[in-house]
Amino acid sequence: LDWNTGYQQPAYFLQNVTKHFLFPIYGTLGYRFARKIGYTGSGVKSLQIANAINALLTLLLFALLIQGYYQRPLLTVTATLGLGSSHTFLSMATNIAEVIPALPWLLFTLLLIKKEKFLAAGICLGISTAFYLLSLLIAFGLTITTLYQRKTRSSICFALSTAITTALIYFLLLFAAGYTDIKTILHLIAFMPEQGTYGGFKLTSLFTVGLGFINSIIPVLPEGFAGVRALINSGGKSILFLSLLILLGTGSILLLIIIAGRVSSKQKELLTGLGIFLAALLGSLIWDPYHPKIWLYSSIGLWLLLPALFFRTSHHLRLACLLLLIIIPPNLYRLIQQSRPNPKLATARTIAETVTNTDPEGTNTLILGTWEPEFDYLTVFLPSTTILSLPDLILQTGCNPNRFYNTIDSTTKSVLARSGNIYLLNHFNRNHLELERFYSHRLRAPFLLNWLENRRPGAEKIWHSPVTRTSLYRITTNF
């Protein structure tokens, strides 16, 4: 691997390796393959196509799994359409989401568990987890269901092979990325679950998880959803409507669990679906009740459960087809709505043009930002520019203030020594409460607020987009 050309942006690529495991390599290889067959555009489209192909592979493997369990083609088609047309699957499969390349490996895992090849299943799930860390929740759920079937040795073999495979891949990635100090590598591995961008169980999650469940099947929440309270205050939905959705979602979850608990535990397909569904449900409760990537796992578990519980007869299959007629139209409509020119991609293009006016090559420029799409898109237009994500740098330095200051100081001094420019995307156009919620509460790095305040006097706003509310600042002093 040539780490200096990954994502066309070395610093950004390195940060993503420590956060997203195999996904940056997957994105880079997809981009290089597209180049070899004549594609001349940016890495965005090639990554979208790669994800769409992986989503298709996931559905084919899911169909193979269902057909293997039931030997009923109509049931297989119904369940596969149900998964493929669900809101979470459609939205993730047509987007750049790191959870998608993890899914085929998860389905390989389920196929191997069906054949009771637990060592190979654990290795496949370890690879899946190396794309998306929350797959470890599924490992937990599947291990418990294997133990429930009194297969202690198999469950231990499965859990250990998953954990060892994940750790080994991550260790090798960090080593290849330049982290040769064992202590640093072990710290990064141990710190990964603590990256804590979400997390923390709240009592309100017990009520709102039903809303997240319904939204995973059919889009009932608007784009840019920021919580029930904000939605009600903005007049987007009524309290009565949201309450009915919460009751429907919560009631459906409880009904599924109760019915599944009363069915024979000898059904492997039922236990597998229940293990995945409950693990994803637990993840949504302790992580985020609306997180679409977690609910994507729940959708797989759900469409494994439904055939085992309800779709046994032809009458029930007709009801399932009616359910699909209710689900598919609004999901396709939302997908068509989202298939429009991306204003944040246009914003990133304009920012890149602004930056290259003073530095045509982009080699003497540093851009600092956060987890926002327009910041990620800058890597498309500025392949030679140093682009650093402040929250990723916090995670990369272990939330240690001294390590953070040393890293950021050496980077800024290097740019200034070449008479370069330093830019900051957003931050100063956000109020203090927003910044405090993100950096102090979510990332547990209050020291960054002081660092930002010390830079504020030397910040000059040079561009602003009223459409995306994005501002670009040039930092001229206090470095």
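**Exercise 1.** State in which helix Thr145 is found, and decide whether Thr145 is buried or exposed.

*Solution.*
Step 1. Thr145 is found in helix H8, residues 135-148. Helices (H or I, at least four residues) and strands (E, at least two) are DSSP runs, numbered from the N terminus.
Step 2. Buried means under 20% relative accessible area, exposed over 50%, and partly exposed in between (1.4 Å probe, protein chains only). The relative accessibility of Thr145 is 12%, so Thr145 counts as buried.
Step 3. A polar atom of the Thr145 side chain lies 2.8 Å from the backbone oxygen of Leu142.
Step 4. Contact means heavy atoms within 4.5 Å. With neighbours within four places in sequence left aside, Thr145 is in contact with Leu271 and Gly275.

The model is predicted: local features need pLDDT of at least 70, side-chain atom pairs count only at pLDDT 80 or more, and totals for chains, interfaces and linings use all residues. Residues are numbered from 1 along each chain as its sequence is written, and side-chain values use heavy atoms, with hydrogens and water left out.

**Exercise 2.** Describe how H8 and helix H9 are placed against each other, and which residues meet.

*Solution.*
Step 1. Axes are lines fitted to C-alpha atoms, for helices over the stretch in contact, and angles run from 0 to 180 degrees between N-to-C directions. The axes of H8 and H9 (residues 152-176) come within 8 Å and cross at roughly 170 degrees.
Step 2. Angles under 35 degrees count as roughly parallel, over 145 as roughly antiparallel, 65 to 115 as roughly perpendicular and the rest as oblique. H8 is therefore roughly antiparallel to H9.
Step 3. From H8, the residues that meet H9 are Leu136, Ala139, Leu142, Thr143, Thr146 and Leu147. Their partners in H9 are Thr152, Ser154, Ser155, Phe158, Ala159 and Thr162.
Step 4. Ala, Val, Leu, Ile, Met, Phe, Trp, Tyr, Cys and Pro count as nonpolar, Asp, Glu, Lys and Arg as charged, and the others, Gly among them, as polar. The contact of H8 with H9 has six nonpolar, six polar and no charged residues.
Step 5. Leu160 is also found in H9. At 49% relative accessibility, Leu160 counts as partly exposed. Its C-alpha atom is separated by 10.0 Å from that of Ala139, 21 residues apart along the chain.

**Exercise 3.** Work out the arrangement of helices H11 and H13 in the same way.

*Solution.*
Step 1. The axes of H11 (residues 205-217) and H13 (residues 239-262) come within 7 Å and cross at roughly 90 degrees.
Step 2. H11 is therefore roughly perpendicular to H13.
Step 3. H11 makes the contact through residues including Leu206, Phe207 and Phe213, and H13 through residues including Leu242, Ile246 and Gly249.
Step 4. By class, twelve nonpolar, four polar and no charged residues take part in the contact of H11 with H13.

**Exercise 4.** Find the surroundings of Thr78.

*Solution.*
Step 1. Thr78 lies in helix H4, residues 73-84.
Step 2. Its relative accessibility is 3%, so Thr78 counts as buried.
Step 3. The side chain of Thr78 has a polar atom 2.8 Å from the backbone oxygen of Leu74.
Step 4. Beyond neighbours within four places in sequence, Thr78 is in contact with Trp303, Leu317, Ala320, Cys321 and Leu324.

**Exercise 5.** Locate Phe428 and name the residues that Phe428 touches.

*Solution.*
Step 1. Phe428 sits in the loop between strand E3 (421-425) and helix H21 (432-442).
Step 2. With a relative accessible area of 11%, Phe428 is buried.
Step 3. Not counting residues up to four places away in sequence, Phe428 touches Leu452, Arg455, Arg456, Ala459, Tyr473 and Ile475.
Step 4. Phe428 and Ala459 are 31 residues apart in sequence, and 8.4 Å apart in space, C-alpha to C-alpha.

**Exercise 6.** Say what the phi values of Gln71 and Ser419 are, and where these residues lie.

*Solution.*
Step 1. Gln71 is a residue other than glycine with a positive phi, near 55 degrees. Gln71 lies in the loop between helix H3 (43-70) and H4, and is exposed, with a relative accessible area of 56%.
Step 2. Ser419, not a glycine either, has a positive phi of about 60 degrees. Ser419 lies in the loop between helix H20 (401-417) and E3, and is exposed at 67%.

Notes
A polar contact is a pair of N or O atoms within 3.5 Å; within protein, one must be able to donate a hydrogen and the other to accept it, and residues adjacent in sequence count only if both atoms are side-chain atoms.
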